[in-house]
Amino acid sequence: MRNERGRNADPAESVVGRRAVLASTAQVGLGTTLAATAGTAQRGDRSRLQWRFEPGGGAPSSPTIVDGTVYLTDGHSVYAVDAASGEQTWSFETDDWARPAPGVIDDVVYVGSNDGNLYALDAATGEERWRFETGGRVSVSASVVDGAVYVASDDQHAYAVDAQTGQQIWQQSVGGKVSASPTVADGTVYVGSGDDHLYALDAITGEVYWRFETGDTVWAGATVHEGTVYVGSRDQTVYAVDGATGEESWRTDVFGRVQTTPTVANGLVYAGTVGNRLYALDASSGEVQWTYETGNDVNASPTVAGDTVFFGSWDTNVYAADAATGEELWRFETTDAVESSPTVVDGMVYVADRDGILYALEADVEGSSAGTRVRQTTLGHHETRSHSTTDQSELWRFETDDRVSASPTIVDGVVYAGSEDGHAYALDARTGERRWAFDTGSSVTSAAAVQDGTVYVGTSQEATLFALDAESGDVAWQLSVGEAIRQPPSTWNDTVYVASGREDPHLHAVDAGTGEERWRTGVGSEQISAPTVIDGAVFVGSGDGVHAIDATSGREVWHVETEGWVSNSAPTVSVNDLFVGTDAGVVLALDAATGEEQWRYRTGSYVFSSPTVGDGLVYVGSNYATVYALATDSGDVEWQFDTERPVVSSPTVVDGVVCVGVHDGTVLGIDAAWGREEWQIPTSGAVTSSPTVVDGTLYVGSWDGNLYAVATGEDGSSEGSRVSLRTLGHHETRREIHVQGLEAELDAVRSAGDDGALTGDDGLPGFGVGAALTGLAGAGYLWQRRGRE
């Protein structure tokens, strides 16, 4: 008898009998209680069914859908099924019952079995790659994060296993048998145990950070959102626990044991109980917003897509309800109890019943599951994974007519950005609506600088620096500098500093109010990097190294020859040190006052990315498809993150997350301390634009021609040295730095001068490639050029 709890032999009859009682017991402040009714018009709507697959094992898992394939277990077997047609692609038989939902990443399927093994299978063929033996049944789903597979067993241990080799990384006792799938977020593994505790383990070492005691077995997995862990217990309680300390934030008593993994979306926590209910709780307080009562236990973990929550019940139905109110939208009647947790992908719900049937149903929503359970790959998942406690969602995108390689600048609620379509744009930062567009007549490949109500932007072909009114976009003045401007200007006091040229490169100082050139000086050879202005000095890179220039007179303070050009990696300064990359793949630390080398670190390829400094680490990308975190005092590698494609974009740091664009079209969020991926944001073109974050919203351009605004889930704004020193895009906050010993060096240069501003060039030869280079963004262009050599 499948319903071993022995109740509700006729689900429809029992539901109808409760309607009047439920209507009278709904209370203000305790949320609204809604009930399934036999008279619901959509009951058993067969038109939703697109296909069904019948493996016949009798207890299929929650489905995982990746790259157009549905993966699930049933009986002793693992199945791969075409998501469009429902046709079986392959199957693999384990040595005993297999119940966990498969985890799929990087073309490998990871699944546990009652035979005590964790299996790794080829996702395309089902061929076994390796197996890892534990000391008991593996009845929980595995989570795969940063090359490690996290799983637990009835032998009372949690394990971390190398995803490539199947070798054990660590194991940790958790005090009891484990039926709860582990959840990984922010470098921590959360796993519930039969000893009535929720454990928090270090993902790298397995060390126990804390354990939280409930009143009964923690039967199902936890979910994590914005630093809070949400978990249910068989003591009929949903808990919210501080993810860092393990201290209780709130608890809510519910009707029935909680044997489902909660999911969080839109500020609500959704959890099912064996008391026949789905609860929606306020994520911050635990207050009940609404409950929905079905005809039997809700043992299937819910998922949220769009404005709809989907869940199954032992009353044989799959339900869709309004996520905000709990009002039933539709239901689909299966042939047996639904204990499988549904997953939504591209408007289709995939779910199975205990008769061994997998269903593909029209969901009546666009998009895919967005709640934390699915995105954190606990009990089934799809392709979008996030092992961060924050949510990323696109707020808007603004389409231009060509690539957006320029980095955005955000000041006073307005985003200023250029496009290679020749326009400088001003957009409302909240809505993306265009305030104005100015046709420069030439490609705009560099970020704008904004100061005192004026936008300063340079162009490539026309070699013109424009000063535009920030409110209207009207031209205040314009100055022709002779050669292309491919790097963004910088402002300091009442002066705009801008680099121009390749054949005859110069650094220009221009009166910010009038456009009158105060001085120009030839700086090295080849293209000059974006200038960084600090404490009365302008720091720039060129084909012959790094230069420090007196911001007042244009005279050289010091010059250091480097191994390789410094034409694209703009210098950044933190405390007394300057950091910069070269096209020879070297990251240098120099004394900002004297130019004396402090250390060097050699990467595997060109460094066109401009470094940023935050919390004692230098973050920089390289053409070697790697982001590095280097100690500021030694250059030692704290971590490195492989991106698979080159990183030309310059990083920014916000709330402990490094944000950077990649040439494969993604923007990555990487844990600043540990180097683990927190999230990724896809675009449709290469991202050489350097992101800027303001009040939790990330702004970045893409070669697909769009400027994107994405909610990162973080709270603050870019705080690394690049943005705060106003290099390659910036926001309103400017950091002032006093470099020890620099004032004395500047005084010596100024006292030695006798004729004011310097003019002219150094006579060194340029590339000689002429107009063929026009209109291409500095770093983006040079990456392409080197790639062809």
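1. Setting aside neighbours within four places in sequence, Ser 233 is in contact with Thr 214, Gly 215, Asp 216, Thr 217, Tyr 239, Arg 257 and Val 258. Contact means heavy atoms within 4.5 Å.

2. This is a predicted model: local features need pLDDT of at least 70, side-chain atom pairs count only at pLDDT 80 or more, and totals for chains, interfaces and linings use all residues. Residues are numbered from 1 along each chain as its sequence is written, and side-chain values use heavy atoms, with hydrogens and water left out.

3. Ser 233 sits in strand β20 (residues 228-233). Strands are DSSP runs of E, at least two residues, numbered from the N terminus. Ser 233 counts as buried because its relative accessibility is 0%; buried means under 20% relative accessible area, with a 1.4 Å probe and protein chains only.

4. The Ser 233 side chain makes a polar contact with the side chain of Thr 214, at 3.1 Å. A polar contact is a pair of N or O atoms within 3.5 Å; within protein, one must be able to donate a hydrogen and the other to accept it, and residues adjacent in sequence count only if both atoms are side-chain atoms.

5. The largest nonpolar core has 31 residues. Such a core is a set of buried Ala, Val, Leu, Ile, Met, Phe, Trp, Tyr and Cys residues joined through side-chain atoms within 4.5 Å. Strand β12 gives the most to this core, with 5 residues.

6. Leu 118 is among the residues with the most contacts inside that core. Beyond four places in sequence, its contacts include Tyr 110, Trp 130, Phe 132 and Val 161.

Terms used: Buried means under 20% relative accessible area, exposed over 50%, partly exposed in between (1.4 Å probe, protein chains only). Helices (H or I, at least four residues) and strands (E, at least two) are DSSP runs, numbered from the N terminus.
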